[in-house]
Every structure is written in structure tokens, then in C-alpha cells.
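Subject: Structure handover

Hello,

Here is the structure I promised to pass on. Please open it alongside this note, and read on for what was found.

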Amino acid sequence: MNNIFEITYTDEILNRIENLNVNSQPKWGKMDVSQMLAHCSSFQDIAMGYSFPPRGWLGLLVGRFAKPIFYNDKPLDHNMSTIPTILITCKRDFGIEREKLKQKIIIFQKNGPEACTDHPHPFFGKLISEQWGKGIYKHLDHHLKQFDV
């Protein structure tokens, strides 16, 4: 499984983000490209320990059993539900959001696994840094495929 803590995969993701443009259209979902970038940036904030969305009751009940979905080799399903606090519905500036996400990915990779949050994921619960690294890659890959890059 690809891991964002490996520079090869960080570079791949950054190059794919560079291939997006303001007119990129989704193959599925409701977010436009700027909203998707803001969503991914908000998700980075969780992994980096900058944001602490509350755990919902469903996550508390089944999150630990579903946890491998986040870091296994199987692609994420289209139109999966998301953490409510990072569902972006308002208009965003493409250039700002793209640069913000790229910088967060670079910092996350540079800080390394030891800088991952130890706060539980809002749905899956406690994750070790390796699971965060794989899950972050998988989440970014999912949304970049959504926009065909």
C-alpha cells in the first residue's frame, strides 16, 4: 500500500494536484475542484492534529471494525459519506486551495510519522502513524481520481 510518508508517493500526489485546473470536472460527487481541494486540506488538518472533529455515535459503534477500509489496498467507494465538519459546500478559490493543500502535504511528509496526531480519527478511532500515512495517500488518490488526474 502506498504511504504519503514515502517521498515517491508524496511527489506523485503533488504532481497530480498540479495537473488539476479550475475547470477540472468531477467524475462523481457534488464538490467542484476547489471544494475538493479544501476538503482534502481540512482532512490533512485532522491527521496533523490541527483539527479535532468529534466522534459520532456510528464511528464509536463500528469504526474500529471498519478501520481497515482506510488503509487497505481496495479503492474507496464513490460517494462515501464524509466527516460533516470537512464537507465543503461554499465557493472556494482554486489557486489558494491548491497551494494550501500542497503545503500541508509537504509539511506532513517532512514532519514524518512521529508528528501524526494521536487524537482518534472521527470515524475509525485510534490510528497508528503508518495507518495515517496509508490513509492520507488513499484519501488523496481517491479525490484526484475523482477529477481524473
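In which helix does Val 62 lie? Val 62 belongs to helix 3, residues 57-66. Helices here are DSSP runs of H or I with at least four residues, strands are runs of E with at least two, and both are numbered from the N terminus.

Before going further, note that this is a predicted model: local features need pLDDT of at least 70, side-chain atom pairs count only at pLDDT 80 or more, and totals for chains, interfaces and linings use all residues. Residues are numbered from 1 along each chain as its sequence is written, and side-chain values use heavy atoms, with hydrogens and water left out.

**Around Val 62**

Val 62 counts as partly exposed because its relative accessibility is 34%. The cut-offs are under 20% relative accessible area for buried, over 50% for exposed, and partly exposed in between (1.4 Å probe, protein chains only).

**The whole chain**

The protein chain has 6 helices and 0 strands. Its radius of gyration is 14 Å, close to the 15 Å that the globule rule gives for 149 residues, so the chain is as compact as a globular protein of that length. That radius is taken over C-alpha atoms, and the rule is 2.2 Å times the number of residues to the power 0.38. The C-alpha atoms fill a box of roughly 40 × 30 × 30 Å along the principal axes. Of the 149 residues, 48% count as buried.

**Two more residues**

Is His 142 buried or exposed? His 142 counts as buried, because its relative accessibility is 10%. Helix 6 (residues 129-146) holds His 142. Beyond its neighbours within four places in sequence, His 142 is in contact (heavy atoms within 4.5 Å) with Trp 28, Leu 76, Asp 77 and His 78.

Ser 81 sits in the loop between helix 4 (68-71) and helix 5 (94-111). At 70% relative accessibility, Ser 81 counts as exposed.

Best wishes
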